[in-house]
Every structure is written in C-alpha cells, then in structure tokens.
Amino acid sequence: MKIDWAALGSVFGVSLVATVALVSLFTLGIIGLSKQEQAAAQGGSAAMARTGAYACFALCAAAVAYGIYLIVV
C-alpha cells in the first residue's frame, strides 16, 4: 500500500484553513450580536452590528451548504 503524502498534506491544509475560517466567521457573528446589545443599551443604533452579524452567519451557512454539496455530488 502506498500513501500519497502530498495529497494527504494538501487535504489537511485545506481542511485546517477552512475550519479556522469558518470558526472565525461564526465568532465575528457572535461578536456582532453582542455589540448590538451593547449599542442598544447605550442608546445608539445597532443596525450595522446586526447586519454584519447576519452576513457572517449567512456566509457560514453558505460554506456548510457548499461542503454538503461537494460531498453529495
């Protein structure tokens, strides 16, 4: 049995980068929602924080859907 180490390393690298990016994007969404509550408590507008948070969550959902698409097709 022969293992293609270059392909294995490539898969590892891509999955590591994708995981870090997805977790970071989700974290930015959570931070955006917490800033929304903070801005509302201070009497400011929270629309920009909410919009950014929803955009981060939408990108996370799109990335997960694309991953499922790649597995199924």
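1. Ground rules. Since the model is predicted, local features need pLDDT of at least 70 and side-chain atom pairs count only at pLDDT 80 or more, while totals for chains, interfaces and linings use all residues. Numbering runs from 1 along each chain as its sequence is written, and side-chain values use heavy atoms, with hydrogens and water left out.

2. Helix α2. Residues 47-72 make up α2, 26 residues in all, spanning 37 Å from first C-alpha to last, close to the expected 38 Å. That expectation is 1.5 Å times one less than the number of residues. Helices here are DSSP runs (H or I, at least four residues), numbered from the N terminus.

3. What α2 hides. Its buried residues are A53, C56 and C60, and they pack against α1 (5-41). Buried means under 20% relative accessible area, exposed over 50%, and partly exposed in between (1.4 Å probe, protein chains only). As a general point, an α-helix has 3.6 residues a turn, so residues three or four places apart point the same way.

4. The cysteines. Don't go looking for a disulfide (a pair of cysteine sulfur atoms within 2.5 Å): a search of the whole structure finds zero.

5. The α1 side. Q36 is in helix α1 and is buried, at 18% relative accessible area. Leaving out residues up to four places away in sequence, Q36 touches A46, A49 and R50, where contact means heavy atoms within 4.5 Å. T27, also in α1, is partly exposed at 39%. T27 and F57 are 30 residues apart in sequence, yet 9.3 Å apart in space, C-alpha to C-alpha.

6. The greasy bit. V64, Y66, I68, Y69, L70, I71, V72 and V73 form a nonpolar surface patch with about 910 Å² of accessible area together. Members of a patch have over 30% relative accessible area and no salt bridge, with nonpolar side chains (Val, Leu, Ile, Met, Phe, Trp, Tyr) joined within 5 Å and like charges within 9 Å. A salt bridge is a Lys or Arg side-chain nitrogen within 4 Å of an Asp or Glu carboxyl oxygen. Areas are Shrake-Rupley with a 1.4 Å probe. V72 sits in helix α2 and is exposed, at 66% relative accessible area.

Note on methods
Helix = DSSP H or I, 4+ residues; strand = E, 2+ residues; numbered from the N terminus.
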